[in-house]
Amino acid sequence: METPEPGTSRQLNGRINQKTFSGSKILIFFLFILSGFPFLLLSQPILRSNIRGTVTDRSTQSPLAGATIILLNSDPLVGTTADTNGNFKLSNIPIGKRQLKVTYVGYSPFITDALNVSSGKETVVVIPLEETMITGTEVEIRGDYRKYGAINKMATVSVRSFSVDETSRFAGSYNDPARMAANFAGVTSGVDNRNDIIVRGNSPVGLQWQIDGMEIPNPNHFAAVGTTGGPVTILNNNLMTNSDFFTGAFPASYGNALSGVFDLKMRTGNNEKHEYWFGIGWNGLEFGSEGPFSKKSRASYLFSYRYSLLDVLSRAGIKLDVVPYYQDLNFKITVPTKKAGVFTLEGIGGLSFIQLFDSRKKQSEWMFSDYGEDLSNGSNLGVIGITNQIFPDPSLHLKNQIYFVASEVYTKIDSFSNIATLPSRWAGERSSEKKLSYAFGLFKKISVKNSLETGINADYFSMSFADSLMMKGKFIVNTDSRETLWFLKGYLQWQHRFSENFRTTAGLFGSRLFLNSTWAMEPRTGFEWLIDKGHILHFGAGMYSQMQPRVIYFILSHFPDGSIRQTNRNLDFTRCWQVALDYNYLLSETLHFKTELYYQHLYDIPVKRSIPAYALSNQGHEFFLDRQYADSLVNLGKGDNYGVEFTFERFLYKNYYFLLTSSLFNSTYSGYDNTNRNSAFNVNYAFNAVGGYEFVMGKRKWGVMSFGLRATWAGGNPYIPFDVNATIATGEVVPDWQHAYQSRFPDYKRLSVRFGIKRNRPGYNLEFMLDLQYRTNYTNVYLQRIDPKTGEIRNFFKMGFFPMATWRIQF
């Protein structure tokens, strides 16, 4: 039998969405009617809810007792003051969009974003204030502007904070932070049915995910070892709060990443009132709850559980071609104490499994006309951590954290043909990683001008890797070992405010991989300059490095004499230096323009002598990290990414918003032969337009109807063509490395539309959302396959039209 293409678990691309299309249509009409039925009720009282929160120092996060909180545009004036713990509460506030103004002696006044006050759920916020340098000066800071700074006080450039509302408001985001980030300048995605984040032409592997300081692996269902994306996120946006997303030049507190950092924050549960929600949608059947443990304690819990909707429909007797099974749990427990600070126990977990069997189909529906494949794939992830934060005095913040991470991937692929009809094993994998980590952090505000931050992190990994595939009539083992390693990281950074208009940061990040004594010492610097009112300049530069995906170190090389060795064990980090400069123009309180220039030079990229065009930096945006060519690597590759980005945004104000971004860039690399080529992610340009309008319904604002639109146009991905003659001659798939990444797929174009209805009722609210996606008449190719017997090349297309609905009740 001919040998199929290596890495066929990549056939998961598209088939999860394409084959589950019919299942997604079944509930749309039912959910719409379920949400719309309450609108038939004509009478509607004035609905009210509460706004609660905490006022803190932006640098140390210590509470600011006595801060004044005022509800803007209230008549008569509504306001209160924060208690000794910085907490406040405004009761019986009419539902709708509301803003708060917060003041405190010696600090800049702060005006929040428009807060969404709904029935059935209290609005809880954390409001950070920044200390002023000159007594008597009052520089008002708006929450909207913070989106173009960062929650991390040491960050200066290439960062965008975002809110949970944006993950659900933007069309095509599916309540997924990763898909929402694809609208930002400098970001492109690999394929529609995965949420890989490709930043400025870098591999998605260069991205780092964090949750409340815990560095985690791929937080997606149907994940693959060494990758960072997937089709369905494990993260639940209902539990998240405002977070940071970096696209480069990040400060010294982040390391072991080359392209960007997703620094997610999980919110604290309501510690005064029990609240619940239930939902049905693309991400599954969901139930969540939050509330206090008792009336005598300020301890709280927060959790959400989801289960695959299509699996529920299948068990109910509805026939579906493919049933993806998955479930996930997100939770956080917060326990404040009087003397020992605040303790939190939090975690995420996900299980997923799918079968894609050609043997259950007619021959005309096989992968190719003469042979097919049966694929079983699953992945599991678990993260749990305990954190203690203590504030010995208002200027000092200490943090201790210990957490455990476990992940597993297993795949089995059987192949068969019209001659050998019984499926037989062709490839398989079972890999797992466990990590135990300890982290310590210290933040000290020395004075209003100077702040110091330092931290250390120690990781212990225990790993098991095993995978093999059939080649030339025998199984070739790529990995087969149990391994352990230690990885140590540390940083020190300092910030100095020369004036209210100019601040600078400087830092140093260091790391050491004890497996092969590889180490890095990386200086970082940046500044923020408020040139004039509304005109801000940001700059950042530094050196960065990243450990290789751990499985790469343990890939086996097979030599002609029959010997087998791990030839990658001594690989160095992939390294880079980068510089970024941006200009921000705040045209008004609701309009913002930004342009950014950047340059990144990568070096020590793993490449291969026997295949001069190969580079590990081109991997990472599929369901399989290809290991057939990833042995005997050396750190001799280089790369360059440079470009310009533009952002024009209107915040949600007077019921509408928009975000326009464009990215023009070039991404190249050189392999062992030192020849400059396009990288696999060099699409050269990407344009995004997303916006929407919200209709407030009724004088008493009992409901909201919203419409959203997203349009994307990006260049086509370069790819490696097949050597058709060599493939037919050998009966095995042979890439044409001589012409690697010279050809491109057609440009990618997509249109997404979102329609939503939210209905407020006494004690609860109902919400229905419908996403419609259209991909330009099936012209978006995401994958090519070749039949080794005939040389037939088959294109697989991204899905042309795909509707998804979500229904939710909060009470």
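This note goes through a predicted model point by point, from overall confidence to single residues.

1. Basis of the model. The model is predicted, so local features are taken only at pLDDT of at least 70 and side-chain atom pairs only at pLDDT 80 or more, while totals for chains, interfaces and linings use all residues. Residues are numbered from 1 along each chain as its sequence is written, and side-chain values use heavy atoms, with hydrogens and water left out.

2. Confidence. pLDDT is the predictor's confidence in each residue, from 0 to 100. The protein has a mean pLDDT of 87, and 90% of its residues reach 70 or more. Two stretches should be read with this scale in mind. Over residues 1–23 pLDDT stays under 50, and the model has 96 contacts beyond four places in sequence for them; a contact means heavy atoms within 4.5 Å. Residues 37–43 also stay under 50, with ten contacts beyond four places in sequence.

3. Overall make-up. The protein has seven helices and 48 strands. These are DSSP runs numbered from the N terminus (helices are H or I with at least four residues, strands are E with at least two). Of the 811 residues, 62% count as buried, where buried means under 20% relative accessible area, exposed over 50% and partly exposed in between, with a 1.4 Å probe and protein chains only. Among contacts with a separation of 6 or more, 67% are between residues 24 or more positions apart.

4. The three-strand sheet. An open sheet with mixed pairing has the order β4-β1-β9; two strands pair if DSSP finds at least two bridges between them. β4 (87–94) and β9 (123–129) are the edges, each with a single partner strand, so one side of each has no neighbour in the sheet. Neighbouring strands are turned by 25 degrees against each other on average, direction ignored. The angles come from axes, which are lines fitted to C-alpha atoms (for helices over the stretch in contact), and run from 0 to 180 degrees between N-to-C directions. β1 (residues 48–57) runs parallel to β9, joined by seven bridges, and D57 stands opposite L129 in β9.

5. The five-strand sheet. A second open sheet, also with mixed pairing, has the order β11-β18-β19-β14-β15. Its edge strands are β11 (159–162) and β15 (214–216), each pairing on one side only. F245 has F262 in β19 as its bridge partner.

6. F245 and F262 belong to a cluster linked by ring pairs, together with F162, F184 and W209. Rings of Phe, Tyr and Trp (its six-membered ring) pair if their centres lie within 6.5 Å; planes under 30 degrees apart count as stacked, over 60 as edge-to-face and the rest as tilted.

7. The structure holds 37 aromatic pairs. In one of them, F170 and Y657 have ring centres 6.1 Å apart and planes at 20 degrees, so the pair counts as stacked. F170 lies in the loop between α4 (164–169) and α5 (177–181), and Y657 in strand β38 (residues 656–670), 487 residues away in the chain. F170 is buried, at a relative accessible area of 2%, and Y657 is buried at 6%.

8. Charges over rings. R200 lies over the face of Y598, at 4.2 Å from the ring centre. R565 takes such a place over F559, at 4.1 Å from the ring centre. The criterion is NZ of Lys or CZ of Arg within 6 Å of the ring centre and within 35 degrees of the ring normal.

9. β40 (residues 685–697) and β41 (residues 703–714) run antiparallel, joined by twelve bridges, and V690 stands opposite R710 in β41. β41 also pairs in the antiparallel sense with β44 (residues 748–761), over twelve bridges. T712 has R750 in β44 as its bridge partner.

10. Backbone points to check. The peptide bond from D75 to P76 is cis, with omega near 5 degrees; P76 is in the loop between β2 (68–71) and β3 (78–81). N256, not a glycine, has a positive phi of about 60 degrees. N256 sits in the loop between β18 and β19 and is buried at 9% relative accessible area. S632 also has a positive phi, near 55 degrees, and lies in the loop between β36 (591–608) and β37 (633–653). At 28% relative accessibility, S632 is partly exposed.
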